[in-house]
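I opened my notebook to record, step by step, what I looked up in this structure.

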Amino acid sequence: MYRYDAIDRAFVEDRAAQFKAQVARRLAGEISEDQFKPLRLMNGLYLQLHAYMLRISIPYGTLSTTQLRKLAWIARTYDKGYGHFTTRQNLQFHWIKLRDVPDILDHLASVEMHALQTSGNCIRNVTSDPRAGATAEEIEDPRVWSELIRQWAALHPEFSFLPRKFKIAVTASPHDRTAARLHDIGLLMRKGREGLGFEVIVGGGMGRTPYVGPTIREFLPAEHLMSYLEAILRIYNRHGRRDNIYKARIKILVAQLGAEEFARQVEAEWEAIDRPSLDLPQAEIERVRAGFAAPAFETLPGRSDAFEAAKAADYALARFARNNVHPHKQPGYAIVDISLKAPGETPGDATGDQMDAIADLADAYSFGEVRVTHEQNLVLAHVKLDDVAAVFAGLKAIGLASANINLVSDIIACPGLDYCALANARAIPIAQDIAVRFANAETAEKIGELKIKISGCINACGHHHVGHIGILGVDKKGEEFYQLSLGGSAAEDAEVGKILGPAVPADKVTDAVDQMIEVYLRERHAGERFIDTYRRVGLVPFKEAVYAEAH
Amino acid sequence: MKAIVANRLIDGEVVYWNHGAWKTRFGEAELFEADDAAEAAVAQANVPTQVVDCYLIDVAPEADGYAPTAFRERVKATGPQNHPQHGKQAEGGHDIELIKQAHGIARSAGRHNLIKLKK
Ligand code: SF4
């Protein structure tokens, strides 16, 4: 993976030292909370219900084992022994003390990490494919371009005070695992006659006004990526609605202008821009590309007799292989998903000890690298088929062998009202309740792919808009209620879900999910996933099932 | 009836005002009958080098004590449901039990008007 050079290192250390001085001034009363708040947000530090929360950037979701062990150590030393992986491929600590933050940032800097660009109105941590560099589907490793964007965006003076936050996703596979069409900019790598390039999508997003972003350019030659991004950001910086926080995201600008007019303005800006001074020299692209060179794979047969025998002997391993193990571009290797969704546990949480154990597994079996997915799971991207059984055993020992990837209990849930100062309702207990109801692995496999996503408020950190079943916590006269939606998708067929009907109280949510699943099982044709059946039969049968009692 | 809640600046701990001092448990909070006395106390309590996010909350009588009326404030006074060993609930005690019961009653009996979010 990419390693910091001297400039990266000095920059991150400087920023940590700068924040240390800012914290000291805040504690001494030299700056007010109003002055301090934007500074702490620039360093990923929020105030939540019970304590401060520090959101640490995991660029494009790739972690070295050294970094993961450092996070585990921070969890034990400065937090309550665990961390929470988020839908932005980041990690949050929920019990942080302000006085400890400068030291934590120093520790992070020592392993080439920071909490920059995880909050505030800047270009946020770039999302990328958790299977980057491992899947045969991709054109090239999208992290090369994610890293180039990271370097371009960090401390870019023109884009440090945007109208609102700004999120970019890069993927190079036809199967989108980044929710690219729901980002401010989604970049889908394409191979054209002229070489590598990107389809450029602008103006997607979730939150209060969800949009699936339109394509504004079918093919942008990759070498012009930086100048083109600069042109988009300039149009946004110029015309974004700084006067109204609810209308400040680029999606509103794109929707108001229309995709065509927005594209025209970007193209005009791009024509006028000094491209040679903005586009990256080929040597720099190659330098970063070298940082993502494939690890030293062994030459192996495509089939592992040991693995096949182990699966035949162990039904649980076979199930794990069906759901959590995916094809790799290198014969004899596999991509292994680690579910952080054991039924009854908090989605996305991992203890420090679990992080250490995963780091050990990654060192032993996956070239010392771990990935974070936007669905709040982890990935060992390069595991030999011969070693999958050993990885499974290692995961079982730490309670992380749930074979439920993409199944009903693999639920995204934001922290919700258990932690978040902005929440209307709790999300975690709802997720736990649903996952426990469907904890039976056979039932879950029979139901098949079903993406449930839960947010504790309209900010939609839990991606409820794009859940096959979306669940949004709302506050009805002070009590927690949940609005259900159906038919969303964050994948390449991105779609915003439709609201099912009136919100239901907390203790009815799992029943409602159960009823909708019953409808699906009743109506489905062979080979149809939940979302396919929904698309064929529409909302009505689901609605009738959930609200039958009320009629 | 009202109480004053804040987060302690240096570590974010949830604290309650009581006659010139910050206490860490809701059960130790000073309760104000009169709104103007409460407003005056907030002005005194909100010292920026000590606390952040300092505000008044509504408090209502329960079986044998008091609990915050807003569900959000009950979470703040006790801790997250998914980790019962984290937050103030870890220590247990009468005030915690009372708030937890209050929340059970309010939610399962559907007494919508009992729980109010701070606006
Ligand atoms: S969706 Fe709302 S409740 Fe959930 S983490 Fe985001 S802001 Fe908080």
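**Domains 1 and 2 of chain A**

I began with the centres of domain 1 of chain A and domain 2 of chain A, which, taken over C-alpha atoms, are separated by 27 Å; I note here that the model is a predicted one. The domain assignment of chain A places domain 1 at 6–109 and domain 2 at 134–290, and it also gives domain 3 (305–397) and domain 4 (416–550).

I then looked up how domain 1 of chain A and domain 2 of chain A meet, and found 8 residues of domain 1 in contact with 10 residues of domain 2. Between them the two domains bury about 770 Å², with 61% of it on carbon and sulfur atoms. On the domain 1 side, A:F11, A:Y60 and A:R88 lose the most area to domain 2 of chain A, and together they make up 59% of what that side buries. I also looked for salt bridges between these two domains, and the count is 1.

**A:M355**

My next entry concerns A:M355, which lies in helix α13, spanning residues 352–365 of chain A. Is A:M355 buried or exposed? I record it as buried, because its relative accessible area is 0%, and the cut-off for buried is under 20%. Leaving aside residues up to four places away in sequence, A:M355 touches several residues, among them A:L68, A:Y82 and A:L91. I also noted that A:M355 and A:K70 are 285 residues apart in sequence, while their C-alpha atoms are 9.3 Å apart in space.

**B:Y66**

Lastly I turned to B:Y66, which lies in strand β5 of chain B and is partly exposed, with a relative accessible area of 35%. B:Y66 forms a nonpolar surface patch with B:M1 and B:L31, and their accessible area together is about 220 Å².

Technical notes:
Residues are numbered from 1 along each chain as its sequence is written. Chains are lettered from A and ligands numbered from 1 in the order in which they are written. This is a predicted model: local features need pLDDT of at least 70, side-chain atom pairs count only at pLDDT 80 or more; totals for chains, interfaces and linings use all residues. Side-chain values use heavy atoms; hydrogens and water are left out. Helices (H or I, at least four residues) and strands (E, at least two) are DSSP runs, numbered from the N terminus. Buried means under 20% relative accessible area, exposed over 50%, partly exposed in between (1.4 Å probe, protein chains only). Contact means heavy atoms within 4.5 Å. Patches are made of residues with over 30% relative accessible area and no salt bridge: like charges are joined within 9 Å, nonpolar side chains (Val, Leu, Ile, Met, Phe, Trp, Tyr) within 5 Å. Accessible areas come from the Shrake-Rupley method with a 1.4 Å probe; for residues, only the protein chains shown count as cover. A salt bridge is a side-chain nitrogen of Lys or Arg within 4 Å of a carboxyl oxygen of Asp or Glu. Domain bounds come from an automatic or database domain assignment. Buried area is the accessible area (1.4 Å probe) that two parts lose on being put together, summed over both.
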